[in-house]
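The sequence and the structure are shown first.

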Amino acid sequence: MDLELWSVRPLWLTVLAALWGAAAGLLVPRAAYRFAVEPDEAWRTRCPDGHVLTGAAGGWLGLARCPDCAQDLRDFRTSRSAPGDAGRVSGDAGRVPGDAGRAPGGAGRMPGGAGRMSGDAPTAYRYGPGTPLVALATAGTCAGLALATGARPELAVWLLLAPLGVLLAVVDFRVQRLPDVLTLPLAGLALVLLGVMALVPEHAGQWPTALFGSLVLGGAYFLLFLVNPNGMGFGDVKLALGIGAVLGWYGWGTVVLGTFAGFLFGGLYGLGLVLMRRAGRKTSIPFGPFLIAGAYVGLLIGAYAA
């Protein structure tokens with residue numbers, strides 16, 4: 001009976017982890033939209049049609065949907081169905097048709113809204129990366145971690161950090177940028193939380209190795225950055241601090257495996273782009289997502305073998 005209960009328990013953990021991942025993944029697209037800007041630009045505060053983003057935590061938490069655009073869309077449909085109102089701009093009698101007087105991209109607005117003509121529907125009810133796809137990816141990521149780790153206490157750390165890793169991967173793919181406000185807290189949280197887990201019975205890792213893994217991997221990436229700044233961004237160096245801590249929890253073999261997998265995935269992606277003639281040998285590609293993917297593979301194997 002005990003063996004049967006033990007075999008069922010990870011399945012419940014997996015289901016709960018997947019539900020957590022799906023819920024957290026719903027919040028990723030809004031944050032990704034706000035963070036996905038060029039290095040010299042401020043974080044976005046408005047939707048693509050120019051409405052101010054409101055909500056919890058200063059507008060950072062919530063679904064990637066604009067209620068003002070949704071209301072504009074309802075007004076638009078009403079005006080289209082009402083006789084004699086076909087030429088009215090969506091629900092806004094005093095608004096300049098198509099916002100012709102507003103400069104594209106001004107005041108945090110994206111160029112997509114500037115070209116809306118009189119009578120056209122709002123364009124930004126939903127924005128950012130596709131919410132269902134991101135939520136599904138985050139759910140799958142968390143489910144895999146639960147399957148590999150089981151009921152050990154460090155699973156709580158992996159589940160807390162996983163949505164942050166997904167967010168970083170999405171932002172880097174969109175604008176080739178890894179914001180310091182995400183990478184540095186990732187490293188700090190990993191070390192602090194793993195330090196707490198080291199005090200909990202039944203854990204399977206070692207905190208000193210996590211600390212040294214963070215320093216060694218961060219140092220190695222820093223050397224690569226000094227040797228070839230065009231091939232390795234400084235954001236990757238900061239991300240490596242957190243990745244090294246996570247991988248180092250399960251030992252140096254996991255650090256080596258996760259690092260190798262990251263370079264392998266990045267190399268295969270770059271080779272695929274070259275073969276499809278979508279990139280050249282000197283084309284810059286985002287390395288953060290592959291660093292994260294490699295760490296995920298290493299973590300799965302390390303957790304399962306621990």
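## Overall architecture

From the N terminus on, the elements of the protein chain run α-α-α-α-α-α-α-α-α-α-α. The model is predicted.

Of the 306 residues, 45% count as buried. The accessible surface of the chain comes to about 15600 Å², and carbon and sulfur atoms hold 68% of that area. Among contacts with a separation of 6 or more, 71% join residues 24 or more positions apart.

## Aromatic pairs

The structure holds 13 aromatic pairs. One of them joins tryptophan 158 and tyrosine 250 in a tilted arrangement, at 6.0 Å centre to centre and with 55° between the planes. This pair links distant parts of the chain, 92 residues apart: tryptophan 158 belongs to helix 6 (residues 155-175), whereas tyrosine 250 lies in the loop between helix 9 (234-248) and helix 10 (252-275). Tryptophan 158 has a relative accessible area of 2% and is therefore buried. Tyrosine 250 is also classed as buried, because its relative accessible area is 14% and the cut-off is under 20%.

Another pair is made by phenylalanine 222 and phenylalanine 234, whose rings are edge-to-face at 6.2 Å centre to centre, with 65° between the planes. Phenylalanine 222 is in helix 8 (residues 207-227) and phenylalanine 234 in helix 9, 12 residues apart. Phenylalanine 222 is partly exposed, with a relative accessible area of 35%, and phenylalanine 234 counts as partly exposed at 36%.

## Aromatic cluster and charges over rings

Phe35, Trp43 and Trp60 form one aromatic cluster. The ring of tryptophan 60 also has a charged group over it: the charged end of arginine 34 sits 3.9 Å from the ring centre.

A further arrangement of this kind involves arginine 44, whose charged end is placed over the ring of tyrosine 33, 4.7 Å from the centre of that ring.

## Nonpolar surface patch

Phe260, Leu264, Leu268, Leu271 and Leu275 make a nonpolar surface patch of about 530 Å². One of these residues, leucine 275, lies in helix 10. Leucine 275 counts as exposed because its relative accessibility is 66%, and the class requires over 50%.

How values were computed
Residues numbered from 1 in each chain as written. Predicted model: local features only at pLDDT ≥ 70, side-chain atom pairs only at ≥ 80, totals over all residues. Heavy atoms only, no water. Phe/Tyr/Trp six-rings, centres within 6.5 Å; stacked < 30°, edge-to-face > 60°. Helix = DSSP H or I, 4+ residues; strand = E, 2+ residues; numbered from the N terminus. Buried < 20%, exposed > 50% of the residue type's maximum accessible area, 1.4 Å probe, protein only. Lys NZ or Arg CZ within 6 Å of the ring centre and 35° of its normal. Patch = residues over 30% accessible without salt bridge, like charges linked within 9 Å, V, L, I, M, F, W, Y side chains within 5 Å. Areas by Shrake-Rupley, 256 points an atom, 1.4 Å probe, with all protein chains shown as cover. Salt bridge = Lys/Arg side-chain N within 4 Å of Asp/Glu carboxyl O. Contact = heavy atoms within 4.5 Å.
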